[in-house]
Amino acid sequence: MKKIVWQLILGFTGIMMTGIANAQLVVKDKTREEKIRSLIGRMTLAEKVSLLHANSKFYVPGIERLGIREWALSDGPHGVRAEINRHNWAYAGWTNDSATCFPPGTALAATWNPKLAYQRGIVLGEEARFRKKDILLGPGINIIRSPLCGRNFEYMSEDPLLISKMAVAYIKALQSKDVAVSVKHWLANNQETHRDSVDVHMSERALREIYLPGFKASVTEGGAYTVMAAYNKFRGDWCSENEYLNREILRKEFGFKGVLMTDWAAAHSTIKAALTGLDLEMGTDKSDYNEWYFANPLISAVKEGKVPIAVVDEKVANILRVMMATNMFDEKKREKGKMNTPEHQQAAYNDAAEAAVLLQNNGNILPLDFKAIKSIAIIGDNATRRHCDGGLSSEIKSLYEITPLEAIRKKFGAAVKINFAQGYEKQSTFKEGSNTGQTSANKIDWKLIDEAVKVAKESEVVIVFGGLNHDFDTESSDKQNMDLPYGQDVLIREVAKANPNTVVVIIAGSPVKLSGIVQRVPAILWSWFGGMEAGNAVADLLSGKVNPSGKLPFTLPVSLDQSPAHALGNFPGRDLSVNYEEDILVGYRWFDTKKIVPQFPFGYGLSYTGFSINGFSADKASYGKDETIHAKCTIKNTGSRDGAEVVQLYISDPVCSVLRPEKELKAFEKVFLHAGETKTIELEVKVADLAFYNEEKKAWNVEAGEFVLQIGNSSRSISSSVTISVN
Ligand code: BGC
């Protein structure tokens with residue numbers, strides 16, 4: 001039932017390509033702007049201000065007499081969160097708010113398939129509308145700067161292009177269902193440690209080349225209706241009242257006409273926030289909503305002439321514009337939504353199936369032939385643990401969640417004897433805002449290991465389901481280290497000694513150290529937190545019904561000190577300040593430039609079949625600065641199974657007046673090929689996208705000269721390259 005039907009997906013997402021979905025919010029729509037002005041003209045100051053702050057955890061009041069409905073917001077980003085009480089954080093206890101739960105952000109990015117991001121946006125939009133929500137708080141697109149950031153699992157990648165492609169597709173789809181996104185967290189919320197007090201510093205070049213592009217694409221290409229200002233400070237000012245970020249970049253440069261809201265309790269002032277472009281205050285920790293910065297204090301500030309009324313009107317206009325763009329004033333036209341349909345569950349399955357990354361498969365031990373195997377040991381806490389309801393704000397009350405053990409039992413249990421052993425136990429305890437529960441999470445439990453070794457010896461094949469859980473991958477605290485917790489290294493070592501046919505499945509949303517196990521087991525499959533269909537997808541991947549096609553969206557270091565922020569000692573900063581000294585050398589840009597060999601590189605992932613990339617060429621030898629490079633190659637499935645490969649195009653600029661990363665991703669495409677099939681693909685790169693940001697000139701700059709285009713199937717597996725020149 002959960003078979004991937006590619007044609008279906010392509011049909012489902014086909015409209016994405018036609019660009020039907022919303023373009024950037026513009027003020028050219030005269031009728032809309034007139035309607036907005038007329039509504040504002042009929043409002044009292046108190047009414048205007050009432051639209052600029054919440055009156056409960058997730059709702060903003062409407063103005064009934066003017067036909068303005070209340071605004072309903074919900075988390076995000078990989079499912080519609082269960083209903084929370086209006087005035088406290090407890091769940092409301094609804095019985096109809098169980099939802100579809102997708103694999104979180106890093107898993108989505110690991111598919112390298114924007115069509116799936118689009119499909120996810122459609123599902124989330126439909127479910128949000130069914131729940132009568134107007135804004136879904138996502139996608140989360142902060143750069144994965146350190147392997148330790150607790151929210152890496154919610155974010156997508158260390159690479160701005162991969163983030164941009166996935167975010168734009170997600171946003172267009174979701175907003176096509178009359179629900180606004182909220183792209184978060186604007187900006188540089190790259191750690192959870194001291195997230196509500198840390199001051200982030202980085203060069204203008206790092207800002208432009210690494211940290212801004214995802215947000216820029218979300219606004220200018222995706223047409224995001226709302227953006228969420230992060231908790232932290234940026235260059236000395238809170239993100240929610242940051243003139244440079246909010247007025248200069250977001251409003252002026254990106255032309256953003258939507259709503260800038262705070263993260264929950266991220267507002268710090270009335271006048272400064274109002275003047276620097278914040279529209280909506282959410283989550284402030286004061287039970288009297290009239291006391292919020294954008295409530296009575298704003299009314300007073302206007303009366304005292306400290307905030308011009310035009311500034312308030314601008315905010316109200318932004319809010320009404322988003323309401324109109326999502327058809328809030330035209331309920332007949334508005335998407336009605338649907339919930340928990342088989343198509344929604346299929347979409348969740350497709351993501352989990354396409355996200356898994358096959359890291360190692362010595363002797364082709366995978367896929368497993370369950371028809372020929374008589375007994376199998378399933379070991380590890382993650383074989384039976386459900387993850388959808390963890391991680392804090394992104395937690396989902398999933399309609400169901402299939403665990404790996406359940407799926408394997410159901411699919412193969414009749415023919416294969418399944419011997420389960422716990423292997424290791426969850427020893428950590430999550431406490432919001434603290435990672436102390438992680439400190440004592442390394443106890444080696446020999447009793448559990450002995451039991452696991454026993455079942456391993458009694459079985460033909462062993463699968464260990466290890467990795468992390470949401471005590472580690474979570475909002476509000478960072479991981480303390482990159483280790484596999486709970487003595488898993490020792491468990492896996494002992495099990496592999498007892499039975500060399502040991503496959504390890506890593507369930508985690510952020511990098512973990514695999515150096516203790518790569519030499520000891522033949523196969524490692526990284527299957528992420530897999531959402532509600534996690535078990536079904538992983539069982540189908542292990543059996544070969546689905547061929548792995550995911551690629552790492554981040555570099556997997558051998559050890560933490562290889563990673564740039566840690567090598568340079570600037571994570572999580574000092575005295576509540578952090579300086580991103582690695583600059584533009586984030587992720588693979590650092591590893592490649594510094595010639596450091598990671599455990600597994602960015603863009604890497606194996607398949608049960610083989611691929612060859614040939615005939616790489618560019619359409620010309622030299623280009624002008626406003627031209628587009630059309631590169632071509634053929635890709636062949638050289639094996640005997642259908643599968644998909646991600647063709648990745650990197651560029652390097654060998655001679656330049658400034659340091660450039662060894663290579664940078666500029667285009668990619670996931671290609672599905674039947675066994676033996678060959679396809680020709682074309683990848684486009686604008687010459688303008690070869691530029692670096694010149695800090696002195698405050699402008700993007702493509703220096704004339706040679707550039708090398710490299711094609712491959714990971715950042716460290718380049719099949720061929722072509723040199724072009726730019727004049
Ligand atoms: C998180 C946001 C989330 C909000 C509402 C905050 O703590 O940082 O991502 O959307 O809470 O739950």
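Predicted model: local features only at pLDDT ≥ 70, side-chain atom pairs only at ≥ 80, totals over all residues.
Biologist: What makes helix 14 and helix 17 oblique to each other?

Modeller: Helix 14 (residues 404-412) and helix 17 (residues 534-543) pack at about 55°, and their axes are 7 Å apart. Axes are lines fitted to C-alpha atoms, for helices over the stretch in contact, with angles from 0 to 180 degrees between N-to-C directions. Under 35 degrees is roughly parallel, over 145 roughly antiparallel, 65 to 115 roughly perpendicular, and the rest oblique. The pair's angle therefore puts helix 14 and helix 17 in the oblique class.

Biologist: Which residues of helix 14 and helix 17 meet?

Modeller: Contact means heavy atoms within 4.5 Å. From helix 14 come P404, A407, I408, K411 and F412, and they meet G535, N536, V538, A539, D540, L542 and S543 of helix 17. By class, the residues of this contact are seven nonpolar, three polar and two charged (Ala, Val, Leu, Ile, Met, Phe, Trp, Tyr, Cys and Pro are nonpolar, Asp, Glu, Lys and Arg charged, and the others, Gly among them, polar).

Biologist: And what makes helix 2 oblique to helix 12?

Modeller: Helix 2 (residues 30-41) and helix 12 (residues 309-325) pack at about 130°, with axes 10 Å apart. That angle makes helix 2 oblique to helix 12. Their crossing is right-handed too. R32, E33, K35, I36, L39 and I40 of helix 2 make the contact with D313, V316, A317, L320, R321, M324 and A325 of helix 12, a set of eight nonpolar, no polar and five charged residues.

Biologist: Why is a space called a cavity or a pocket?

Modeller: The test runs on a 1 Å grid over the protein atoms alone: in a cavity a 1.4 Å probe fits but cannot get out, whereas a pocket is an open set with protein on both sides within 12 Å along at least five of seven lines; lining residues have an atom within 4 Å of a point. Points are joined across faces, edges and corners, and volume is the space filled by probe spheres set on them.

Biologist: How many cavities of 30 Å³ or more are found, and what lines the largest one?

Modeller: The search finds eight. The largest has about 120 Å³ and 18 lining residues, with I507, S527, W528, G530 and A534 nearest its centre. Helix 17 gives the largest share of that lining, four residues.

Biologist: And what lines the largest pocket?

Modeller: That pocket holds about 1,600 Å³. Its lining has 42 residues, of which L161, K165, E221, K666 and D689 lie nearest its centre. By class there are 20 nonpolar, three polar and 19 charged residues.

Biologist: What sets the backbone at P77, P367 and W112 apart?

Modeller: Most residues other than glycine have a negative phi, and most peptide bonds are trans. The bond from G76 to P77 is cis, with omega near -15°, and the one from L366 to P367 is cis, with omega near -5°. W112, in the loop between helix 4 and helix 5, has a positive phi, near 50°.

Biologist: How do you know which residues count?

Modeller: Local features need pLDDT of at least 70, side-chain atom pairs count only at pLDDT 80 or more, and totals for chains, interfaces and linings use all residues. Residues are numbered from 1 along each chain as its sequence is written, and side-chain values use heavy atoms, leaving out hydrogens and water.

How values were computed: Helix = DSSP H or I, 4+ residues; strand = E, 2+ residues; numbered from the N terminus. Left-handed = near helix turned anticlockwise from the far one by under 90°.
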